[in-house]
Amino acid sequence: MLLSSGGVPFYKPWITNQDKKAISEAFESRWLTGGPLAAKFENQFADYVDVKYAVSVNSCTAALHLAMRVLNIKSGDEVIVPDVTFAATANAALFVGATPVFADIDEKTFNISPDDVLNKITPKTKAIIPVHYGGQPCDMKELMEIAQDYNLRIVEDCAHSLGAEYEGKKTGSFGVIGCFSFYPTKIITTLEGGMITTNDENLAKKLLVLREHGMSKSAIDRESEASWYYDVVDLGYNYRLNELQAALGISQLERVEDGIKLRMATARYYGERLNFKGIVTPYEAARRSHIYHLYVIKVEEDNFGKTRDELFKKLSANKVGVSLHYTPLHKLSFYKKFLNSTTNKFPVAEQIYQQILSLPLYPTMTKNDVDYVVESIGENAVC
Ligand SMILES: Cc1ncc(COP(=O)(O)O)c(C=O)c1O
């Protein structure tokens, strides 16, 4: 018998009264966008990730796009991305006319495989965008060595990994640029939003210009200098994070570590309870922290007695929110035209795609919620 019939959603945002107060105070500001709160959020974010500069933007997709722009990646260039990621990672290369090249993943962590990155490098390769899948850092030592040996730039896609560490150093501080997402399911949220991190002053200056229409001076700069003058020096965009989002970001960042601890504790409890034959709990690699943006299990049909899709249906029927991260890019119709027929082999992604299932995990999830999910999985299962 299941403990609760109310079900458990895949995700619940963690918005506190302090968050709401911060947003309502931001309404009183003269600067509803392009103001001092975005700059304050950027400074605090840079301190947290331990980089020199952070530039806020209105999504991680915008962050990845600007990363490609400031690194001068363009038509004729190739950018290596993991085959198992969200579309935005590959789209970043396409936005600037470059070609995304997909690399297979590691069978344990589901992160990009450094070995397959090596297989995919050509004279046209300019950059690698590793994704710290589910909140567990990639093997940054190996990837940084590859980047150095082949003179490639690393842009970390940290959409899942704010606060995750590899050998004591936070993701977003390894590559030349790091890109973060504040979409509601992410480690912190500004509803929509993103951040770019870098230690390179020149790149930071270019990013500020590009996110604001390519203008040499923002409105707040012009006001402080009592000057109307600005130039347009590049093809820019309106990618600003507004002041209400920045206020929420500041408030959320204050408890980022609390959120991570809650996620990790829930993951631990899942690990203790999920003792079914054929259900493989997430692998935690050495020398890094897994902060559990996602809790991804593998369903081994032979031992579990049901396929992943059968379990998905059963959990959905029990009102447990489940998801799949991700359909490999090479299987999606839009990306098929970018595949190179000779290197188009993704054996690990192909296999994992049949088995993975993302279970609910969010900071306010209770042990009762986990019990409900586990009991829904376990009905009729072999222990
Ligand atoms: C790995 C990855 N990269 C990039 C993005 C894009 O983030 P955003 O929605 O902030 O544009 C996402 C969003 O889910 C993601 O999961």
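In strand β11, K298 is the bridge partner of V280. This pairing belongs to a contact between β10 and β11 (residues 295-299), which run antiparallel and are joined by 2 bridges; two strands are said to pair if DSSP finds at least two bridges between them. Strands here are DSSP runs of E with at least two residues, helices are runs of H or I with at least four residues, and both are numbered from the N terminus. The model is a predicted one, in which local features need pLDDT of at least 70 and side-chain atom pairs count only at pLDDT 80 or more, while totals for chains, interfaces and linings use all residues. Residues are numbered from 1 along each chain as its sequence is written, and side-chain values use heavy atoms, with hydrogens and water left out.

The antiparallel pairing extends through an open sheet of 3 strands in the order β10-β11-β12. Because β10 (279-280) and β12 (356-359) stand at the edges with a single partner strand each, one side of each is left without a neighbour in the sheet.

Elsewhere the pairing is parallel: β2 (residues 78-82) is joined to β4 (residues 125-128) by 3 bridges, and I80 stands opposite I128 in β4. Strand β4 also pairs in the parallel sense with β5 (residues 153-157), over 2 bridges, and here A127 stands opposite R153 of β5. Together with helix α6 (residues 140-150), β4 and β5 make a right-handed β-α-β unit, where right-handed means that, with the strands pointing away from the viewer, the path from the first strand over the helix to the second runs clockwise.

We turn now to the ligand. It is surrounded by 15 residues, of which the closest are T61, D157, H160, S181 and K186; a residue is counted if one of its heavy atoms lies within 4 Å. Helices α3 (60-70) and α4 (87-95) each supply at least two residues of this shell. By class, the shell divides into 6 nonpolar, 7 polar and 2 charged residues, with Gly counted among the polar ones and Tyr among the nonpolar ones.

Several side chains reach oxygen atoms of the ligand with polar atoms: the distance is 2.9 Å for H160, 2.8 Å for an N or O atom of S181 and 3.0 Å for Y326.

Terms used:
A polar contact is a pair of N or O atoms within 3.5 Å; within protein, one must be able to donate a hydrogen and the other to accept it, and residues adjacent in sequence count only if both atoms are side-chain atoms.
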